[in-house]
Amino acid sequence: MKSLKLRILTLLACALFLFQPFQVLAQQQLSEKEIDQKVNTLIKKMTLQEKVGQMTLFTSDMTVTGPTIRSDYEKLIKQGKVGALFNAYGADYTRKLQKLAVENSRLGIPLLYGYDVIHGFRTVFPIPLGEAASWDPSVAQKSAGVAARESAAAGLQWTFAPMVDIARDPRWGRIAEGAGEDTYLGEKMAAARVKGFQGNSLFATNTILACAKHYAAYGAAEGGRDYNTVNMSIRRLRDVYLPPFKAAKDAGVATYMTSFNELNGVPATGNKFLMNQVLHNEWNFNGFVVTDYTSIPEMIVHGFAKDETDAAYKAVEASVDMDMQSGLFLSELPKLIKEGKVSEQQINKAVARILRLKYKLGLLQDPYRYSDATRQKQEILSDENKQAARDVARKSIVLLKNENQLLPLDKNIKNLAVIGPLADDQEDLLGPWSGAGRGEDNISVLSGIKAKVSPETNITYVKGAEITGNSEEGFEEAKEAARKADVAVVVVGEARNMSGEAASRATLDLPGVQQDLLKAVHETGTPAVMVMMNGRPLTITWSDKYIPSILETWFLGTEGGNAIADVLFGDYNPGGKLPVTFPRHVGMVPYYYNHKNTGRPKAEGKYNSKYIDVKNTALYPFGYGLSYTTFSYDNLKLSKKSMSVDDSLQVSVDVENTGNRAGDEVVQLYIRDLVGSVTRPIEQLRGFKRLHFEPGETKTVHFTLNPDDLKFHDINMDYRVEPGQFKVFVGGNSKDVLQTGFEVTQ
Ligand code: GLC
C-alpha cells in the first residue's frame with residue numbers, strides 16, 4: 001500500500017513538473033516574430049466568414065452608447081462571427097461571454113473587449129478638458145494608468161481613448177473629452193494618455209490598448225454642431241488637427257477610430273487620404289483602425305456610398321480594419337471578395353492587425369487572464385486610486401478670479417452658506433463618458449466642505465434653483481442663507497449631459513436661472529465664491545464683473561467635492577491654467593488664441609477686425625489661471641540671437657514666487673514666426689512646465705527651441721523652417737508675457 005501511495009505521489013510530482021513549463025509558457029510574452037508566425041498560421045486555418053468575423057465589433061448593450069441594432073450577439077459569438085465586443089465589462093460577465101467564443105466557435109479565437117474608459121473606469125477622474133487644465137502630462141498619464149488597472153481587472157483589454165480632437169468651438173459638446181484648442185498641448189496630453197493606458201507592455205494584465213480618436217478633424221464641425229460637415233485646407237489639417245494623432249502614433253497607440261464627419265467631402269470612414277496616405281504610407285501605423293458607431297452605413301446617409309455593399313467596399317478600401325456595430329463587414333465583405341472587388345489578401349492584412357494585438361495581449365495563451373474577480377475586487381475604487389483621483393482633481397482646478405484674496409476661506413469660519421443646484425450633486429460630478437462610474441461613489445461639494453471645516457462652523461445648504469428651468473422659488477431661502485453667512489459658496493454650471501456626444505449648445509451662458517441666483521446672492525452683500533462645473537467654456541461675463549472669487553472645476557469625478565474643499569480652504573493652492581479660451585459672447589466663436597493677425601488686427605478704432613458690440617478680447621485667455629500666491633518673471637534670455645534652420649537655441653527666464661504661500665506655476669513659452677510664405681499665427685505654444693515654488697523662491701526655467709518647434713507646411717506644403725525673424729514670449733498665460741526675439745538664417 002505504502003509503495004502504491006509513493007508511486008502516485010511521484011507521478012503527481014512529475015505531472016506537476018511537466019505541466020509547470022506550459023503554465024510558465026502560457027504566461028510568457030511572445031516575441032514579435034513568434035506572434036507573426038502564429039498569426040500567419042492561424043489565418044491560414046480561417047474561413048472567409050471567420051475572417052470577417054474578426055473584423056466585426058458589436059455592443060453587448062450592457063450600457064448603451066448608440067442605437068441598439070441586435071440582441072443575438074451571443075449566438076453570433078458562438079458562430080465565430082464576432083471578433084470584439086464593447087460595452088460589456090465585469091470579470092464574471094466577460095468570462096461568461098469569452099467562454100462562448102473559446103468553447104463554441106470553431107477556432108476558439110478569444111474576444112477583445114473594448115469600452116469608453118475616457119477619464120476613469122469606476123474611480124472617475126476629471127474630464128479630459130479638466131485634466132488638460134493641469135498642464136501636467138504626468139497627471140494625465142497617472143489618471144490613464146489607474147483607469148487601465150481598473151479596466152483590465154474587469155475583463156477589458158481596450159479603451160476608446162484618448163480622444164485627441166482639437167476643439168476651437170465651445171458650442172461643440174465633445175470639447176469636454178479632449179485637451180482643448182491647442183495643438184502642442186494636445187500632442188503632449190495625447191502621448192501621455194497613450195502611455196498611461198498601454199504602459200510598457202500590452203502583455204501585462206494591468207494595461208490596455210489605447211485608441212486615438214476621432215480620426216480626423218471631428219472637432220472642426222461647422223457651427224459646433226456634432227457630426228456636422230468639416231471643411232478645411234490640408235495645411236490647417238496637417239498643422240493644427242493631425243499632430244495630436246501623430247503624437248499618439250509616436251507614443252505607440254495600438255488603434256485608431258475613424259470619425260463620423262466628412263472631411264472636405266469624403267467621410268473619414270472612407271477617407272483614403274487620411275488612412276492609406278497619412279496613417280499607413282506616411283506614419284507606417286501597424287495597429288488596427290476601427291470605425292465609430294455605425295459610421296460605415298452612415299456613408300450612405302452622407303451620400304458617399306450608394307448602398308450597404310458600396311459602404312463596406314469604401315471602408316475596406318480606405319483600410320478600415322474593424323466595423324463597429326453595423327455588421328456590414330460581416331454581411332457584405334464575403335460578397336465583395338467572391339465578386340473579386342476586394343482581395344482576400346486585403347482582408348488577411350486587416351485580420352492580421354487585429355490578431356497581432358490579441359496575441360500581444362496574451363489572449364490566445366489565456367483568454368481569461370483579464371477576467372479576474374479577485375484582482376477586480378482589489379483594484380476597483382481602491383483608496384490608492386481615489387487618492388490619485390483627488391490629486392489629479394486638485395491639479396485640474398483653475399482659479400479665475402480672487403478679489404481681495406477672499407479665498408482661501410478659514411476652516412474655522414462661523415457661518416457658511418452653500419448654495420446652488422450642483423452644491424450637493426453627486427451624479428453630475430461624473431461628467432460625460434464616465435465609464436462604469438456611479439454617482440453614489442462621488443463626494444459632493446457640500447460633503448467635501450463638511451469634512452473640511454471646524455465642527456463649530458454653521459453650514460446652511462440651500463439648492464436655490466435647478467440647473468435648467470426658470471423657477472425662482474428657491475431664491476428667497478438662498479438669500480436668507482446668504483444674509484446669515486460670512487461667505488456664500490455658490491455651485492453652478494452645466495449638467496453632465498450638456499456636454500459630450502450629441503450635446504452641442506447654441507449658447508454658452510449658465511443654463512436656467514443660475515445667473516439670477518448668483519445675482520440674488522450677490523445683492524445680499526455677503527461675499528460670494530462661485531464654483532463652476534461645466535464641460536466647456538461659459539460666457540460668465542456678469543460673474544466676472546460682480547462675483548469676487550471664481551473657481552473653474554470642470555467635472556472632477558469621484559473625489560471632486562474633496563478636491564474643491566481642499567482648494568476652497570487652502571489645503572491646496574490652485575495652479576491650473578485654461579486649455580481653452582473663454583470668449584465673452586458665443587457670437588465671437590470660433591475665438592482662439594493662436595489666430596492669424598489679419599491686415600487690420602487692432603481692437604480699437606473703426607476699420608479693424610473686431611465687434612462693435614462686444615470687446616474683442618477673451619474673457620479669460622488661453623493659458624490663464626491665478627494662484628493664492630503671485631509670481632514675477634524676469635531675465636528672459638536666449639542663448640543666441642540667431643540660429644540656422646537646423647540649429648536649436650536655449651531660452652531661460654527667472655520666475656519668482658513673490659507671495660507668502662507655496663504654489664505651482666505653469667511657465668509657458670510661445671513663439672511667433674513674423675513672416676512666412678503663408679501667414680503664421682500671432683503666437684504658438686512651444687513649451688510649458690508646471691513647477692512648484694516655495695514662498696520667495698526663484699527658479700531659472702529653461703526651454704529648448706528646436707527646428708521642429710518652428711516648422712510648418714509652407715506655400716508648397718513642404719514641412720520646413722523658413723528663415724526670418726521670430727518672437728519669443730514667456731509668461732504665466734498667453735497674454736501677460738515677457739518677449740524677445742531671434743533670427744533664423746538659412
Ligand atoms: C460613440 C462615440 C465614440 C465611442 C463609440 C463607442 O458614438 O462617438 O467616441 O467610442 O461610440 O461607444
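Val 320 touches Met 55, Thr 258, Thr 269, Met 275, Val 289, Thr 291, Ala 315 and Phe 329, residues up to four places away in sequence not being counted, where contact means heavy atoms within 4.5 Å. At 1% relative accessibility Val 320 counts as buried (under 20% relative accessible area, with exposed over 50% and partly exposed in between, for a 1.4 Å probe and protein chains only). Val 320 and Met 275 are 45 residues apart in sequence and 7.9 Å apart in space, C-alpha to C-alpha. The structure is a predicted model, in which local features need pLDDT of at least 70 and side-chain atom pairs count only at pLDDT 80 or more, while totals for chains, interfaces and linings use all residues. Residues are numbered from 1 along each chain as its sequence is written, and side-chain values use heavy atoms, with hydrogens and water left out.

Salt bridges, defined by a side-chain nitrogen of Lys or Arg within 4 Å of a carboxyl oxygen of Asp or Glu, come to a count of 43 by this rule. Asp 441 is buried, with a relative accessible area of 18%, and Arg 122 is buried at 14%.

The side chains of Arg 720 and Asp 714 likewise form a salt bridge, at 3.1 Å from N to O; here Arg 720 is partly exposed, with a relative accessible area of 31%, whereas Asp 714 counts as buried at 2% relative accessibility.
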